[in-house]
Amino acid sequence: MGVSTVGKAQGRGRYDEVHVAAAFHGLTALLAVVGIALGITAVPASPGYAAAPAHAWWNYASAAGVQAALLVFVVSLTLLMDSAMAGGRFWRAARTGTLAAMLLVFLAQFTPFRGLPDTAELTVAGVMADRLLLYALPVVVVTGWLIFGPRPRISTGAVTFALVFPGFWLLWTGLRGAITGWLPYAAGPAPAPGQLLMMGIGLILLWLGATMVFLLLDSTMGREPDGYLPGFGPPDSAAGNNSDGPPFAEGVREPDPVDPRDL
């Protein structure tokens with residue numbers, strides 16, 4: 001569990017950042033579930049649903065943005081309960097996965113892969129779900145991490161374990177594509193096996209690049225929450241003049257809580 005300075009901060013008449021961070025994570029979870037729900041309401045209005053209802057539902061569940069949003073929802077709920085959560089190996093890998101997935105989902109909207117999914121065609125709910133899950137949610141998740149953290153939480157072990165998410169998606173998509181002939185984000189005929197392999201390798205490399213960016217930022221940015229953000233925690237003028245000491249010492253990185261499961 002994270003270290004809280006609630007009593008110290010309130011004693012000085014300042015707001016404690018952990019409460020603001022928890023509220024932000026709660027709003028992030030709400031945004032994710034609203035986007036998923038809107039997408040679900042749009043599925044019955046899609047052309048694919050009329051032809052094969054079950055197939056249309058599986059198509060929606062196979063979308064990387066939907067699966068990433070579901071992971072964001074779960075992780076954000078845990079941070080709502082404890083915005084300074086230390087977590088173990090599984091949780092830290094999931095948190096790392098949400099950051100990498102959201103970054104790549106957002107960047108994909110500025111590539112040729114951009115396009116409304118067939119489950120969202122011509123419906124207001126589908127368009128809103130598209131904007132929420134593919135634009136708003138990635139911005140909120142990454143911005144929230146930059147401001148509130150929690151940091152430091154990302155390690156090379158978490159980066160490695162986070163590969164389970166893209167690995168599962170590629171395996172699921174490949175097997176289902178081989179059976180049904182349908183692939184997400186594919187226009188025209190299905191790519192040849194060799195092309196699919198190269199695309200899969202490219203995705204893994206992009207994923208590793210994204211996680212390495214967050215690993216670097218996590219190791220160089222200050223501790224959050226209660227690191228302290230301006231306006232939160234002990235007054236800046238009081239830092240270093242009492243037993244609390246300064247939030248950061250020059251050239252010294254505050255130790256990350258040690259979890260035995262990470263050893």
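This is a predicted model: local features need pLDDT of at least 70, side-chain atom pairs count only at pLDDT 80 or more; totals for chains, interfaces and linings use all residues.
In helix α2, the residues Ala22, His25, Gly26, Thr28, Ala29, Ala32, Val33 and Ile36 meet a set of residues in helix α5, namely Val66, Ala69, Leu70, Val72, Phe73, Ser76, Leu77, Leu79 and Leu80. By class, the residues of this contact of α2 with α5 comprise 13 nonpolar, four polar and no charged.

### The chain as a whole

The chain contains 10 helices and zero strands. Its pattern along the sequence is accordingly written α-α-α-α-α-α-α-α-α-α. Of the 263 residues in the chain, 42% are buried. Among the contacts with a separation of 6 or more, 79% are between residues 24 or more positions apart.

Two packed helices are described by the angle between their axes and the distance between the axes.

| Helix pair | Angle between axes | Distance between axes |
|---|---|---|
| α2 and α5 | about 150 degrees | 8 Å |
| α6 and α7 | roughly 135 degrees | within 9 Å |
| α5 and α7 | about 35 degrees | 11 Å |

How are α2 and α5 oriented to each other, roughly parallel or roughly antiparallel? Angles over 145 degrees count as roughly antiparallel. Helix α2 spans residues 17-42 and helix α5 spans residues 64-81, and they pack at about 150 degrees; α2 and α5 are therefore roughly antiparallel. The crossing in which α2 passes α5 is left-handed.

Helix α6 covers residues 89-108, and its axis crosses that of α7 at roughly 135 degrees. This angle makes α6 oblique to α7. The crossing of α6 past α7 is left-handed. On the side of α6, the contact is made by Arg95, Thr98, Leu99, Met102, Val105 and Phe106, and on the side of α7 by Leu133, Leu134, Tyr135, Leu137, Pro138, Val139, Val141, Val142 and Trp145. The contact of α6 with α7 divides by class into 13 nonpolar, one polar and one charged residues.

Helices α5 and α7 also pack, and their crossing is left-handed. Here Gly65, Val66, Ala69 and Val72 of α5 meet Leu133, Leu134, Leu137 and Val141 of α7.

An α-helix has 3.6 residues a turn, so residues three or four places apart point the same way.

### Individual residues within the helices

Which residues does Ser76 touch, not counting residues up to four places away in sequence? Ser76 lies in helix α5, and it touches His25, Thr28 and Ala29. Residues under 20% relative accessible area count as buried. Ser76 is buried because its relative accessible area is 3%.

Leu31 is found in helix α2 and counts as buried, at 19% relative accessibility. Apart from its neighbours within four places in sequence, Leu31 is in contact with Leu132, Ala136, Leu137 and Val140. The C-alpha atoms of Leu31 and Ala69 are 9.1 Å apart, although these residues are 38 residues apart in sequence.

Asp130 has its place in helix α7. At 4% relative accessibility, Asp130 also counts as buried. Between the C-alpha atoms of Asp130 and Gly65 the separation is 9.1 Å, and the two residues are 65 residues apart along the chain.

Where in helix α7 does the kink lie? Helix α7 comprises residues 124-148, and the kink, of about 40 degrees, lies at Ala136, shortly before the proline Pro138. Ala136 is also one of the residues in contact with Leu31, and Pro138 is among the α7 residues that make the contact with α6.

Just after α7, Gly149 takes a positive phi of about 75 degrees. Gly149 is joined to Pro150 by a cis peptide bond, with omega about 5 degrees. Pro150 lies in the loop between α7 and α8, the latter covering residues 156-161. Another cis peptide bond runs from Arg151 to Pro152, with omega near -10 degrees. Pro152 likewise has its place in the loop between α7 and α8.

Technical notes: Residues are numbered from 1 along each chain as its sequence is written. Side-chain values use heavy atoms; hydrogens and water are left out. The bend at a residue is the angle between axes fitted to the seven residues ending there and the seven starting there. Helices (H or I, at least four residues) and strands (E, at least two) are DSSP runs, numbered from the N terminus. Axes are lines fitted to C-alpha atoms, for helices over the stretch in contact, and angles run from 0 to 180 degrees between N-to-C directions. Angles under 35 degrees count as roughly parallel, over 145 as roughly antiparallel, 65 to 115 as roughly perpendicular and the rest as oblique. A crossing is left-handed if the near helix is turned anticlockwise from the far one by less than a right angle, and right-handed if clockwise. Contact means heavy atoms within 4.5 Å. Ala, Val, Leu, Ile, Met, Phe, Trp, Tyr, Cys and Pro count as nonpolar, Asp, Glu, Lys and Arg as charged, and the others, Gly among them, as polar. Buried means under 20% relative accessible area, exposed over 50%, partly exposed in between (1.4 Å probe, protein chains only).
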